[in-house]
Amino acid sequence: MQQDATTQQPGDKPFGSVEEVSTGFAEHGYITDRRLATTVYLQSRLDKPLLLEGPAGVGKTELATTLAEVTGRKLLRLQCYEGQDESKALYEWDYGKQLLYTQMLRDKISEIVADAPDLSTAIDRIGEQDSVFFSDRFLAARPLLEAIRGEEPAVLLVDEVDRADEALEAVLLECLAEFQVSVPEIGTYTASTAPYVVLTSNNTRDLSAALKRRCLHLFLDYPDHERELEIVRSKRTGLPENLADQLVTVVRQLRELKLRKAPSISETIDWARTLAVLGAEELNAPVLSETVNVVVKYERDLQHALDAIGELTDPNRHVPERLPGNGHGHGHGHGHGHSHDDEHVDGREVRAAKDRPGRHDEAYYGSAKGAGAPAQRTGGQGQRSFTAVTRRQS
């Protein structure tokens, strides 16, 4: 039996051009690049599912929700998880409702079997009524079936399909290839208007070749600086433009650290809103350190992030050897070898020189041989000076 609907809905019309995709998404706060807009345009024209792969938080799920908003279609979401069976994805029978109807129609059922000569005949007569109890009335549609047999065009989001078992992928194949679902007790439902299907994957496992073959494929990664700044700007976070620019730079540098979970685009937006609420006027180390937990969610990652923030926000990378006003003030009259021209010496080189092995002789109080028992000195500073004087006089 073929179940089919023929009414056309406002959401049936595909996009007219790639530019129309970019404009429509931008009006709903989703910034696309040319490649992404082209892929969505092709999906609407070719009626093929779209598989989005990439790290968590790069806008895969939001693309599906925005697609529904732009096209005016109903959004249906199937959230995948380990151990999920097909009844949660396709359909299941409403056994409670069937039992209720059976109780209510008990007298009528008694009439049907009243004159049955034996038990076998009574069962056959009841079996003839299967079509009553296994019909649309008692069918509880789940997202896949609802997207196919629904009266209005839909966007079907199969979220995190990589978390589901491979058995569910096999169930998806008929739906994705033919846009139909078979129900043995009733027949086959075929969509009159193919749903826009978006599958997302965080790459926790490889998907089957059969599934990928049926889909348009796009890998979404973290955007470049300008596009991420544009995304933050489009969300109207309330953070000034110059601070938003600095914040995107900080987030991108945090992503370069070896973190268990890198900050997502949505978390960048959350951080910007947090700083705006706090009335931040500059992005210094204290402000960023107090709020970095908005984008860093693991304790080990937090320590790495705090260390990095201290370096990212410190504008003084060159430390002079002699700081202003560091004179002793009590007239020792001895020099330390400083030069007034050394104010721009690289502080890192100075610190490295202070730690260089062999800088001090064996009699120096901080050296290994100068600690503990009195050292057997071969000559102190006075003796060395006297020797030098004697040598010159001779």
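**Salt bridges, sheet and helices**

Analyst: Lys-261, Glu-267 and Lys-297 are linked in a network of salt bridges, a salt bridge being a side-chain nitrogen of Lys or Arg within 4 Å of a carboxyl oxygen of Asp or Glu. This is a predicted model, in which local features need pLDDT of at least 70 and side-chain atom pairs count only at pLDDT 80 or more, while totals for chains, interfaces and linings use all residues. Residues are numbered from 1 along each chain as its sequence is written, and side-chain values use heavy atoms, with hydrogens and water left out.

User: How far apart are the closest N and O atoms of Glu-267 and Lys-297?

Analyst: Glu-267 belongs to helix α14 (residues 265-277), whereas Lys-297 sits in the loop between α15 (285-291) and α16 (299-312), so the pair ties together parts that are 30 residues apart in sequence. Helices (H or I, at least four residues) and strands (E, at least two) are DSSP runs, numbered from the N terminus. Glu-267 is buried at 8% relative accessibility, where buried means under 20% relative accessible area, exposed over 50%, and partly exposed in between (1.4 Å probe, protein chains only); Lys-297 is partly exposed at 46%. The closest N and O atoms of this salt bridge are separated by 3.0 Å.

User: Which residue forms a salt bridge with Asp-159?

Analyst: Asp-159 lies in strand β6, and its partner lies in strand β3, 82 residues apart. The N to O distance is 2.6 Å, and the partner is Arg-77.

User: How many bridges join β3 to strand β6?

Analyst: The open sheet has five strands in the order β3-β6-β9-β2-β10, with parallel pairing; two strands pair if DSSP finds at least two bridges between them. Its edge strands are β3 (74-79) and β10 (216-219), each pairing on one side only. Leu-75 stands opposite Val-155 in β6. Strand β6 (residues 154-159) runs parallel to β3, and the bridges joining them number six.

User: At about what angle does helix α2 run to β10?

Analyst: Axes are lines fitted to C-alpha atoms, for helices over the stretch in contact, and angles run from 0 to 180 degrees between N-to-C directions. Contact means heavy atoms within 4.5 Å. Helix α2 (residues 34-46) lies across β2 (50-53), β9 (196-201) and β10, and its angle to β10 is about 160 degrees.

User: Which residue follows α3?

Analyst: Within α3, the buried residues include Leu-63, Ala-64 and Leu-67, and their cover includes α1 (18-27), α2 and β3. The residue after the helix has a positive phi, near 75 degrees, and is Gly-72.

User: In which loop does Asn-203 lie?

Analyst: Most residues other than glycine have a negative phi, and most peptide bonds are trans. Asn-203, although not a glycine, has a positive phi of about 65 degrees, and it counts as partly exposed at 39% relative accessibility. Its loop is the one between β9 and α11 (209-213).
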